[in-house]
Amino acid sequence: MFQRWNTKKSRLPVAGLLFMLALAVTFMVLYDERSIHHDNTNREQDLQETSILTSFVHPNLPPRNDLEVLDRFSRCNSTNEYSGKKIGWVDHQGSDFVAAAAKEEENICDVFSGKWVFDNSSSYPLHKEFDCPYMSEQLACERYGRPDLEYQHWRWQPHPPCNLKRWNVTEMWEMLRGKRMMFVGDSLNRGQWVSMVCLLQSVIPRDKQSMSTNASLTIFEAQDYNATVEFLWAPYLVESNSDDPVNRKLDERIIRPDSVLKHASMWQHADILIFNTYLWWRRPRPVKLQWSSKEKGSCEEVKGAEGMEMAMNTWAHWISNNVDPNTKRVFFVTMSPTHIWSREWNPGSEGNCYGEKKPIEDGSYWGSGSDIPTMRMVEKVLRRLGPKVSVLNITQLSEYRKDGHPSVYRKFWEPLNDEMLKNPASYADCNHWCVPGVPDVWNQLLFHFL
């Protein structure tokens with residue numbers, strides 16, 4: 001084809017050819033200048049100009065003086081059809097930065113791929129439930145009567161030649177010396193925080209450790225190490241009317257999809273950050289949006305998956321602009337799976353995680369409690385951030401642990417009626433995890449990468 005094109009004689013006048021050539025050169029020069037300007041001087045302005053055409057919203061702008069802070073009393077005065085706005089943010093490091101991160105990632109041993117091995121040695125579990133004064137009653141399965149304790153003795157073993165770094169509490173404290181470690185997210189991330197505190201507190205004298213709570217922030221402090229291990233309740237990462245850790249069960253879920261600034265004011269000075277978000281987005285009711293640019297009480301409505309994508313991009317914009325990976329470590333914990341339908345691992349059954357005592361052995365198992373489109377969306381966002389964020393991919397390894405949930409062996413905050421008590425599976429908690437148990441392995445993975 002190219003040969004035939006080249007052999008054809010041109011019928012255009014010479015002057016016309018010269019004009020077109022000059023025009024092409026001019027276009028190339030202008031294009032190069034614009035590219036240099038775009039890449040090196042004003043990426044944010046370019047995004048704002050593009051946003052006018054594509055309905056992208058620039059996130060995390062300083063709030064207006066009259067902007068209402070969302071809380072449990074916030075309401076939608078009106079709910080309009082979703083306008084189609086998206087969150088836009090610019091990766092200041094460029095594609096080379098991300099490509100280098102991807103290349104580096106290929107050389108890292110995959111400790112997330114493996115199997116669970118039963119280990120009844122004296123070293124497992126890594127801590128004892130009754131030895132931890134900070135244990136959550138939502139996760140204290142042994143205390144609430146779970147008769148089998150095998151769930152505490154399963155050790156995660158990556159496939160050869162990989163190995164998971166052995167937990168060492170003294171080494172972990174040395175990593176934390178003079179630092180703030182903060183877990184940010186929902187109750188599943190709080191479970192990982194509880195696990196971490198229980199793993200760490202045993203070597204700290206009682207009079208040298210303390211726990212304090214201030215609204216949504218809870219802080220464990222070890223005086224001798226001048227270090228804290230904190231948890232910030234922020235189930236959506238962005239600002240929402242569910243940010244009160246006590247009064248959070250609301251009929252109407254409202255988020256501010258374009259701002260994490262309220263939460264970031266508390267997490268911005270932490271040295272090690274561990275984020276998660278997922279389960280709250282899977283609730284059946286839609287999510288209400290209150291954009292920072294709209295008047296008070298004006299809402300739009302989207303499905304949870306759409307809202308989560310907005311929140312992830314708003315969070316990623318903050319990370320992109322505020323994290324130096326040389327001085328601050330950021331981790332994102334992937335979705336924690338649920339085990340609601342036993343027919344997924346035991347065809348023909350009609351139960352859930354209640355009564356389960358062993359992990360799933362099928363290495364290819366994947367249940368409905370882990371949403372693949374959501375994982376792909378999260379992966380896309382995280383890849384743009386490159387080495388600014390390390391991923392704790394807990395999903396597949398946790399998928400196998402249908403036995404690791406509290407089921408009925410936990411404190412329930414609402415009274416159980418007689419009908420429920422006759423059918424334990426009807427009120428089994430198949431979302432959270434017993435501690436000691438699966439969250440301890442998540443923290444081993446965190447220790448491994450620190």
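Colleague: What is the order of the strands in the open sheet of five strands?

Modeller: Some conventions come first. This is a predicted model, in which local features need pLDDT of at least 70 and side-chain atom pairs count only at pLDDT 80 or more, while totals for chains, interfaces and linings use all residues. Residues are numbered from 1 along each chain as its sequence is written, and side-chain values use heavy atoms, with hydrogens and water left out. In general, strands of a sheet pair through backbone hydrogen bonds, either parallel or antiparallel. Here the order is β2-β14-β13-β11-β10, with mixed pairing. Strands (E, at least two residues) and helices (H or I, at least four) are DSSP runs, numbered from the N terminus; two strands pair if DSSP finds at least two bridges between them.

Colleague: Which strands stand at the edges of this sheet?

Modeller: The edge strands are β2 (78–80) and β10 (239–240); each has a single partner strand, so one side of each is left without a neighbour in the sheet.

Colleague: Which pairs in the sheet run parallel, and which pair is antiparallel?

Modeller: β2 and β14 run parallel and are joined by three bridges, with S78 having S298 as its bridge partner in β14. β11 (residues 254–256) and β13 (residues 287–289) also run parallel, joined by two bridges; there, I254 has K288 as its partner. β13 and β14, by contrast, are antiparallel, with three bridges, and L289 stands opposite E300 in β14.

Colleague: What lies across β11, β13 and β14?

Modeller: Helix α8 (residues 304–322) does, running at about 115 degrees to β14 (298–302). Such angles run from 0 to 180 degrees between N-to-C directions, with axes fitted to C-alpha atoms, for helices over the stretch in contact.

Colleague: Why is β14 described as largely enclosed?

Modeller: Four of its five residues are buried, so β14 is largely enclosed by the rest of the structure. Buried means under 20% relative accessible area, exposed over 50%, and partly exposed in between (1.4 Å probe, protein chains only). Strand β6 (residues 180–185) is also largely enclosed, because five of its six residues are buried.

Colleague: How many bridges join β6 to β9, and over how many does β6 pair with β12?

Modeller: Six bridges join β6 to β9 (residues 227–233), in parallel, and M181 stands opposite V229. With β12 (residues 272–275), β6 pairs in the parallel sense over four bridges; F183 has I274 as its partner there.

Colleague: How far does helix α6 reach from its first C-alpha to its last?

Modeller: In general, an α-helix has 3.6 residues a turn, so residues three or four places apart point the same way. Helix α6 (residues 187–201) has 15 residues and reaches 20 Å, close to the 21 Å expected at 1.5 Å a residue; the expected span is 1.5 Å times one less than the number of residues. 15 of the 15 residues of α6 are buried, so this helix is largely enclosed by the rest of the structure. At its start, a side-chain oxygen of D186 comes to within 3.0 Å of the backbone nitrogen of L188.

Colleague: Is S336 buried or exposed?

Modeller: S336 is buried, with a relative accessible area of 5%. This residue is found in the loop between β15 (329–333) and α9 (372–385). Leaving aside neighbours within four places in sequence, the residues in contact with S336 (heavy atoms within 4.5 Å) include L188, Y278 and W433. S336 and S370 are 34 residues apart in sequence, yet 7.4 Å apart in space, C-alpha to C-alpha.

Note on methods
Polar contact = N/O pair within 3.5 Å; in protein donor to acceptor, adjacent residues only side chain to side chain.
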